[in-house]
Amino acid sequence: MVQTLKKFGKKILWCLKIPYLPEVARALVKGPYTVKFPFGDTVDTGAYRGAPVWDEDVCIGCGACYEVCPSDAIEMEDDTGSSPPMRRFVLHYDRCIFCGHCHYNCTTEDGICQTREYDLATFDRSESVTNIDKELLLCEKCGGVISTIEHVQWVARKTGPKAYASPTLALTLEGELITAPQAAGAPAEEIDRSDIMRILCPHCRRLVVFKETT
Ligand code: SF4
Ligand code: SF4
């Protein structure tokens, strides 16, 4: 009986919001906890993630950020019809969930970083984007996309002397990188041994090696 009365008393106090009275008194004296954003200043606590942005000098256009983005906020398109051919990235802030995966998985570590910018509200969603373009490297035989020029150069530098095992990387290291306008787009059957020291996509490279060994 006593226990039941105690429980009933607690419920009455809870219903009357008595436990909250100190908070109510504080709010009456000091004002509300919330801020009048966007009409008032916000407090920078330092514990939040803002808009991701690309660094033109550090990004190599490899596309890893596009691959890992969980909300499809990053679009990537290889435009082989333009001169020069370009890989184009667009990041839509209205789809971004600010998870940071693009930064954590970036090949060069800081090609894309999250800023402290959080005020991204707009009446026009088409304005809520950022973009970056990188020049493509195309296969000299078939014209297929290998990757961006900066990506291949980055791989060649990382590989060091072992890059000479790959003619494409070796040509990059020697500064003889041939870009898309020279891509021949020749049928695969026209590939022969003399093509071995060309910049080739993996498919054409396999055909050349096959002809070399048969
Ligand atoms: S922060 Fe997350 S959701 Fe936003 S672009 Fe990067 S990976 Fe995509
Ligand atoms: S270098 Fe980093 S930011 Fe640039 S495309 Fe690759 S993963 Fe994305």
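Which residues come nearest to ligand 2? Of the 13 residues around ligand 2, the nearest are Cys59, Ala64, Cys65, Cys106 and Gly111, where a residue is taken as near a molecule if its C-beta atom, placed from the backbone, lies within 6 Å of it. The model is a predicted one, in which local features need pLDDT of at least 70 and side-chain atom pairs count only at pLDDT 80 or more, while totals for chains, interfaces and linings use all residues. Residues are numbered from 1 along each chain as its sequence is written, and chains are lettered from A and ligands numbered from 1 in the order in which they are written.

The shell around ligand 2 consists of eight nonpolar, five polar and no charged residues. In this scheme Ala, Val, Leu, Ile, Met, Phe, Trp, Tyr, Cys and Pro are nonpolar, Asp, Glu, Lys and Arg are charged, and the others, Gly among them, are polar. Ligand 1 has 14 residues around it, and Cys69, Cys96, Cys99, His101 and Cys102 come nearest. Its shell divides into eleven nonpolar, three polar and no charged residues.

Ala64, one of the residues nearest to ligand 2, belongs to helix H3 (residues 64–68). Helices (H or I, at least four residues) and strands (E, at least two) are DSSP runs, numbered from the N terminus. Ala64 counts as partly exposed because it has 18 C-beta neighbours inside 10 Å. On this scale a residue is buried if 20 or more other C-beta atoms lie within 10 Å of its own, exposed if 12 or fewer, and partly exposed in between, with C-beta atoms placed from the backbone. Neighbours within four places in sequence aside, Ala64 is in contact with Asn105, Cys106 and Thr107; contact requires C-beta atoms, placed from the backbone, to lie within 7 Å. Thr107 is 43 residues from Ala64 along the chain, yet their C-alpha atoms are separated by 6.8 Å.

Turning to the chain as a whole, seven helices and six strands are found. Their order from the N terminus is α-α-β-α-β-β-α-β-β-β-α-α-α. Of the 214 residues, 22% count as buried. Among contacts between residues at least 6 apart in sequence, 66% join residues at least 24 apart. Just after H2 comes Gly31, with a positive phi of about 95°.

Four of the strands make up an open sheet in the order S2-S3-S5-S6, with antiparallel pairing; two strands pair if DSSP finds at least two bridges between them. S2 and S6 stand at the edges with a single partner strand each, so one side of each has no neighbour in the sheet. From one strand to the next, the twist averages 30°, with axes being lines fitted to C-alpha atoms, for helices over the stretch in contact, and angles running from 0 to 180 degrees between N-to-C directions.

The pairings can be followed across the sheet. Strand S2 (residues 74–79) is joined to S3 by six bridges, and Ile74 stands opposite Leu91 in S3. These two strands form a hairpin with six residues between them. S3 (residues 86–92) runs antiparallel to S5 (residues 129–138), and seven bridges join them; Met86 has Glu135 in S5 as its bridge partner. S5 in turn pairs with S6 (residues 145–148) over three bridges, again in the antiparallel sense. Leu138 has Val145 in S6 as its bridge partner. Six residues lie between the strands of the S5 and S6 hairpin, where Gly143 takes a positive phi near 80°. Leu137 stands opposite Ser147 in S6.

Helix H5 packs on the sheet, touching S5 and S6, and its direction makes about 80° with that of S6. Within H5 (residues 149–159), the residues Ile149, His151, Val152 and Ala156 are buried. These four are on the same side of H5 because they cover an arc of only 165° around the axis, the arc being that of the directions from the helix axis to the C-beta atoms. Arg157 and Lys158 are exposed and lie on the face of H5 turned away from its buried side. After H5 comes Gly160, with a positive phi near 70°.

Definitions and conventions. Two residues are in contact if their C-beta atoms, placed from the backbone, lie within 7 Å.
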